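Here are my notes from a pass through this model. Have it open beside you as you read.

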Amino acid sequence: MDQPSYHHGDLRRVILRAAVEAIRESGPAGWSLRELARRAGVSHSAPAHHFGDKTGLLTAVAAEGYALFADALERAGGGLQEVGLAYVRFAVDHRAHFEVIFRPELYRADDPAVDTARRRADGVLTAGVRDVAPGDPGRERTAAIAAWSIVHGFAALWLSGALPDDLGDDPVAAARPVIHLLFAR
């Protein structure tokens, strides 16, 4: 008797979603392609067929993550403070993607889709910094590193549970006074 076959529709998307779920649960390194296939309900060869290897799959997660990240930053509009808050919100709402995109040793950083999405995100961050350090490339670069360090550090501390409990349960509300203190004009 033949087993019924199951058609996933967009198999690549199904595997990618399963990878994001696995990363959310056990981190970017805590799973195998075989385990991921089982989780997604696909043949054990399907992930390798669509992504080549684990690095290929993590490259797809990074490309998707950077695109989502750029979208979130673009929606924030406005100045550096709003972009910083959007950064923190993205880290919390898209933790699995956040954990991958800032670990370039996990994926092919020179992948065209990753590079395009990363450049979009960088463009939004750079535009926000220009308001803080207009016309001075050296100061602009320093301001960009300072801004990135602050929002990334806050997001990482929030995700790890290392910040004081009395900050409440809204990461953006907790980050707002920190970002304001450091970047208010």
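1. Ground rules. This is a predicted model: local features need pLDDT of at least 70, side-chain atom pairs count only at pLDDT 80 or more, and totals for chains, interfaces and linings use all residues. Numbering runs from 1 along each chain as its sequence is written, and side-chain values use heavy atoms, with hydrogens and water left out.

2. Aromatic pairs. The whole structure holds nine of them (ring centres of Phe, Tyr or the six-membered ring of Trp within 6.5 Å; planes under 30 degrees apart are stacked, over 60 edge-to-face, the rest tilted). Phe98 and Phe102 have centres 5.3 Å apart and planes at 65°, so they pair edge-to-face. Phe98 is buried at 5% relative accessible area, while Phe102 is partly exposed at 23% (buried is under 20%, exposed over 50%, partly exposed in between; 1.4 Å probe, protein chains only).

3. A stacked pair. Phe154 and Trp158 sit 6.4 Å centre to centre with 20° between the planes. Both belong to helix 8, four residues apart (helices are DSSP runs of H or I, at least four residues, numbered from the N terminus). Phe154 and Trp158 are both buried.

4. The cluster. Tyr66, Phe69, Tyr87, Phe90, Phe98, Phe102 and Trp148 make up one aromatic cluster.

5. Helix 9. Residues 171-183 form this helix of 13 residues. Its buried residues include Pro171, Ile179 and Phe183, and helix 5 (80-93) and helix 8 (137-160) are among what covers the buried residues.

Conventions: Helices (H or I, at least four residues) and strands (E, at least two) are DSSP runs, numbered from the N terminus. The expected span of a helix is 1.5 Å times one less than its number of residues. Contact means heavy atoms within 4.5 Å.
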